[in-house]
Amino acid sequence: MGKLIVIDHPLIQHKLTLIRDKNTGSKDFRDLVMELSMLMGYEITRDLPLQEVEIETPVCKTKSKAIAGKKLGIVPILRAGLGMVDGILKLMPAAKVGHIGLYRDPETLEPVEYYCKLPTDVEERDLIVLDPMLATGGSAIAAIRFIKAKGATNIKLVCLIASPEGIAAVQRVHDDVDIYVASVDEYLNDHAYIVPGLGDAGDRLFGTK
């Protein structure tokens, strides 16, 4: 079973409070989402393998640690996931960025992929799927399914806020995917919004309604 990791660092919790506040405008909201994503990145990358390399300091030669050439990929779910990309890239500038877009069929209510562009060597990369809100889990489940169909085998899902229902749904279908969140909220309301949540992350990022 994939792990659920709740990152409760004080800085993350403080910034989470600010993005929940309905009075936080789009610019500050975008900046805070980027900062939160970067802070979460430290925990997401905790298990990256290291290798010993030899370098020369201004004083002498020495052996030190470096990331062992791990290939990473970042895949935001459009559109809200875009707000998290820059924060992760600040920590991992060499990571490749893919994109996946989904919409819900109005008749079947099933997620439909309308755009998917991934690194060509996706099967060799550790992929980090980004989506600020894990509500019903439908979009995340579909996105991970589409990404697996392209050959990916090592996937992490990173969300700012999740509902218990969304977490359970993803774990039921993708029990090999670790889920990283800054908060597990109380429940989903009748409109599938996370409570207390922060509203629609995409609208708040981009100033739309």
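**Entry 1: terms and source.** I call a crossing left-handed if the near helix is turned anticlockwise from the far one by less than a right angle, and right-handed if clockwise. I take helices (H or I, at least four residues) and strands (E, at least two) as DSSP runs numbered from the N terminus. The model is predicted, so local features need pLDDT of at least 70 and side-chain atom pairs count only at pLDDT 80 or more, while totals for chains, interfaces and linings use all residues. Residues are numbered from 1 along each chain as its sequence is written, and side-chain values use heavy atoms, with hydrogens and water left out.

**Entry 2: H1 and H2.** I looked up helix H1 (residues 10–20) against helix H2 (residues 26–44): their axes come within 10 Å and cross at roughly 155 degrees. That makes H1 roughly antiparallel to H2. Axes are lines fitted to C-alpha atoms, for helices over the stretch in contact, with angles running from 0 to 180 degrees between N-to-C directions. Angles under 35 degrees count as roughly parallel, over 145 as roughly antiparallel, 65 to 115 as roughly perpendicular and the rest as oblique. H1 passes H2 in a left-handed crossing. On the H1 side I noted Leu11, Ile12, Lys15, Leu16, Leu18 and Ile19, and on the H2 side Phe29, Leu32, Val33, Glu35, Leu36, Leu39 and Met40; contact means heavy atoms within 4.5 Å. This contact has 11 nonpolar, no polar and two charged residues. For these classes, Ala, Val, Leu, Ile, Met, Phe, Trp, Tyr, Cys and Pro count as nonpolar, Asp, Glu, Lys and Arg as charged, and the others, Gly among them, as polar.

**Entry 3: H2 and H3.** I then turned to H2 and helix H3 (residues 82–91), whose axes come within 7 Å and cross at roughly 45 degrees. That makes H2 oblique to H3. The crossing is right-handed. Among the contact residues are Val33, Met34 and Ser37 of H2 and Gly83, Met84 and Asp86 of H3. By class I recorded eight nonpolar, four polar and two charged residues.

**Entry 4: H4 and H5.** The axes of H4 and helix H5 (residues 164–173) come within 9 Å and cross at roughly 25 degrees. H4 is therefore roughly parallel to H5. I noted this crossing as right-handed. Ala140, Ile141 and Arg145 in H4 meet Ala169, Val170 and Val173 in H5.

**Entry 5: the largest pocket.** On a 1 Å grid over the protein atoms alone, a cavity is a set of points where a 1.4 Å probe fits but cannot get out, and a pocket is an open set with protein on both sides within 12 Å along at least five of seven lines; lining residues have an atom within 4 Å of a point. Grid points are joined across faces, edges and corners, and a volume is the space filled by probe spheres set on the points. I read about 760 Å³ for the largest pocket. Its lining has 28 residues, with Asp131, Met133, Ala135, Ser139 and Asp200 nearest its centre. The elements that each supply at least two lining residues include strand S9 (133–134), helix H4 (138–149) and helix H6 (201–206). The lining has 16 nonpolar, eight polar and four charged residues.

**Entry 6: the cavity.** How many cavities of 30 Å³ or more are there? I found one. The largest cavity has a volume of about 60 Å³, and its lining residues include Ile44, Leu72 and Lys156. Strand S8 (residues 126–130) gives the most to this lining, with three residues.
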